[in-house]
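Hello,

Here is the structure you are taking over. My notes on it follow below.

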Amino acid sequence: MVIDPVTVEVVRGGLVYTAEEMGIALRKSAYSPNIKERMDHSCAIFDPERRMVAQAEHIPVHLGSMSLAVKRGLEHYRGRLEEGDMLLFNDPYLSGTHLPDITLIAPAYYEGELVAYLANKAHHSDVGGKAPGSLAGDATELFQEGVIIPPVKFVKAGEIDEELSELILSNVRTPEVRMGDLRAQIAANSLGIRRVLEMVEEHGVERLHAAMEAIMDYSERRMRREIEAMPDGTYEAEDFLEDTGVGEGPVKIRVRITVEGDEITFDYTGTDPQVEGPVNAPLGVTLSGVYFTLTSVTDPTIPINDGCYRPVRVIVPEGCLMNPVKPAPVAGGNVETSQRNVDVLLKAFAQILPGKVCAAGQGTMNNVCVGGIDPRTGRPWAFYETIAGGYGGRPGLDGVDGVHVHMTNTMNTPIEAIEAAYPIRFLGYRLRCDTGGPGKWRGGCGVERSWMLLAPSATLSILAERNRIRPWGLFGGRPGAPGEYLIRKPDGRVLRLRSKCTVKMTQGDILIVRTPGGGGYGDPYERDPSFVLRDVVDGLVSASAARRDYGVMIDEERMTVDLEATEELRRRRRRAAGVGG
C-alpha cells in the first residue's frame, strides 16, 4: 500500500506519544520510589512481526534490549497470547538485562486480528535472592540474584493469575510493593492497547501497518546515510572493569568497529571470558550499549526503531563477558558493565567522529541496595537507588555536574521520599569539589551522599565501579576523580568498602557515598581563566587546584584572576613539558 508522508508522520507521532503516555501511567500508578520517583522503567511498541516501531525516551539499557526480550520471550512461550492476555518474565537470558527488570508484553487485537504488541520493563527494588535489593555484589550464580521467572501468562483474559501471583510474591521481601508495581505495568500496557486501537479506528489496520513499515524504512535510510558519512576503516578500543566482585580485576572489554560503506560492524572478539562475579553482561545489555552509542554520535532526530539497526552487525563470542552462558550471575552486567561498554565504544568512536564524542562520564550507576526489618512495622523493607556523578567534558561544553550518565537516564530519588518510606535519615548531599577532570572543557563533578541507618540492623549491597580506575579524559583532558564508599561507625571508626560487596550495618552506622567525576576534554591550560574563576566561586574547583591543574592564579580575597601571573605560569609549564615557546 502506498501511504502519504503526512499520514506516516501522524502515525509516528501517535505511536511515540503512546509509549510516552504508557510510561506516565506506569510511573503514576507505581508503589515503589524506584519507579515513582527515579522513573526506572521503559515502554515500547512493536508490530505483529515483533519489530520495535516506537519507544519512549526512557532507560537506554532497557530499550536497547527490549527488541531481544520481545522476540525471545514470545518464541520461548509455548502457548498463544489471546486478547486480554499478558506475558511476564525476568530471565536475563531471555529478557536481556537482569532479574530485577520484569518485562510485560501484551498483544493488541482488533476484530480478532493481531495489530501490535505493547511492552514495558520496570526495575523492581527486590525480587528475592541472597540480599535485599537483589543486587548482591558478591553473587556467584544467577540463582543467588533472585527468583527466575520464565515467560508465563500472568494476565489471562484481563485477570491476574492468582496462583502465579502468589508463587512470585512468596519469593520477594516486599510483596505488597511488588504487586503494586506489577499492576502499574499492567495499567501501562492496557493504556497502550487502547491508544493503538484508537489509531486503528482512525486509519484502519492496513494503513497503520503500512505506516509502521514506512517509519522503519525511513529510519533505516537516515541511519545508513550517517554511517556512509563516516570514514571507512577499522577502529579498536579497550577499557577495564576494576574487579569482578568476588575476585580482583581488571577485566577487559575490547571492541573493533568496522565501517564499510553504509554498514557498521561491532566485534567483541578479544573481550575476557565470563567471570564468577555478577558483572557478566547478557547479550541484550551489549546490544543496548551498541545501539545507544551509535544513535548518540549520529543524528538525534532519527526516529529510534528497528530500522535504525538494520545496517548494524554485532559479533559477541558466546561465553565472553559480554555474552555469558547461563547460569552466570548478571546483576552488575546490566548496571555496571553496560556503562563500561559505552566507555569502550565512545573511545573507538572518538577515532571516527572526534567532534561528537565526550570524555568518559562517571562510568557507574553507583548502585546501593539496603534492607532488613523495619522496626516501625515489623515487616521487611528493601530500598534501591542509583546515584549521580560527573558527565564527561565535551567539545565546546563542560560536563554536567551530578547527573546520571549514559545507560542510566534515571532521576534523583528525593530525600523526603526515602525518609518517609524507610528507616533512613539523610545527613548530607552535595557536589564534590575538585572531582571533575581538568580540561579545556571540565568534566562534571561527582556527588557526596550520606545517610544514617535508624533500624537495628540491615544488609547493604554495593555494586559500583570507577573506585580504582578513574574515568578517562580525551584529547589532553585529564581523568575525573574516583569514587569511594565508606561506613562511619558510631564510635568514629571509618570502614572503606569495596566497590562491589555485601555487608551488615547496625543502628547508627553512616553510609558515605562519593561518586566519580567525569573526564576532562582538551588541554587544561587552554581553559578560559574566567571559567576557572567561576568554578572556584561556585565551589566546584579549589583555588589550589586552579593553580595546580589549570595554571590559573586566583586572588582568593578579591576573587579575581591575576592574568599576568597566569600567562607566565602557563608559559613556564608548557616550556617544561616541551610544548610551545
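A search of the whole structure, which is a predicted model, finds 53 salt bridges. I describe a few of them, then go through some strands and helices.

Salt bridges

K130 and D138 are joined through their side chains, with N and O 3.3 Å apart. K130 is partly exposed, because its relative accessibility of 44% falls between the limits of 20% and 50%. D138, at 25%, also counts as partly exposed.

D243 and R468 form another salt bridge, at 3.1 Å from N to O. This one links distant parts of the chain: D243 belongs to strand β8 (residues 233-243), R468 sits in the loop between β16 (457-463) and β17 (484-488), and 225 residues separate the two. D243 is buried, with a relative accessibility of 2%.

The loop between β16 and β17 also holds E465. The closest N and O atoms of R340 and E465 are 3.1 Å apart, and the two residues form a salt bridge. R340 is part of helix α9 (residues 331-352), so this pair ties together parts that lie 125 residues apart in sequence. R340 has a relative accessible area of 0% and is buried; for E465 the value is 0% as well, and E465 is buried.

There is also a network in which salt bridges share partners. Its members are D47, E49, R51, E213, D217, E220, R224, D262, E263, D306 and R310.

The sheet with β8

β8 belongs to an open sheet of four strands, in the order β8-β9-β10-β11 and with mixed pairing. β8 and β11 (312-315) are the edge strands, each pairing on one side only. On average, neighbouring strands in this sheet are turned by 15 degrees against each other, direction ignored. Between β8 and β9 (residues 248-260) the pairing is antiparallel and runs over 10 bridges. Y235 has I257 of β9 as its bridge partner. Helix α8 (residues 283-297) lies across β10 (263-267) and β11, at about 145 degrees to β11.

Helix α5

Which residues of α5 (residues 162-169) are buried? S165, I168 and L169 are. They cover an arc of only 90 degrees around the axis, which means that they lie on the same side of α5. E163, E166 and L167, on the other side of α5, are exposed. The cover over the buried residues includes β3 (86-89), β6 (152-156), β7 (159-160) and α6 (175-203). At the N-terminal end, D161 caps α5: one of its side-chain oxygens lies 3.0 Å from the backbone nitrogen of E163.

β1 (residues 41-46) is mostly covered, with six of its six residues buried. On one side these are H41, C43 and I45, and on the other S42, A44 and F46, so that both faces are covered.

β1 runs antiparallel to β5 (residues 113-123), and six bridges join the two strands. Within this pairing, I45 stands opposite L118. β1 also pairs with β2 (residues 52-55), again in the antiparallel sense, over three bridges. There, M52 of β2 is the bridge partner of F46. The hairpin of β1 and β2 has five residues between the strands, and R50 takes a positive phi near 70 degrees in it.

Regards

Methods: Residues are numbered from 1 along each chain as its sequence is written. This is a predicted model: local features need pLDDT of at least 70, side-chain atom pairs count only at pLDDT 80 or more; totals for chains, interfaces and linings use all residues. Side-chain values use heavy atoms; hydrogens and water are left out. A salt bridge is a side-chain nitrogen of Lys or Arg within 4 Å of a carboxyl oxygen of Asp or Glu. Buried means under 20% relative accessible area, exposed over 50%, partly exposed in between (1.4 Å probe, protein chains only). Two strands pair if DSSP finds at least two bridges between them. Axes are lines fitted to C-alpha atoms, for helices over the stretch in contact, and angles run from 0 to 180 degrees between N-to-C directions. Contact means heavy atoms within 4.5 Å. The arc is that of the directions from the helix axis to the C-beta atoms. A polar contact is a pair of N or O atoms within 3.5 Å; within protein, one must be able to donate a hydrogen and the other to accept it, and residues adjacent in sequence count only if both atoms are side-chain atoms.
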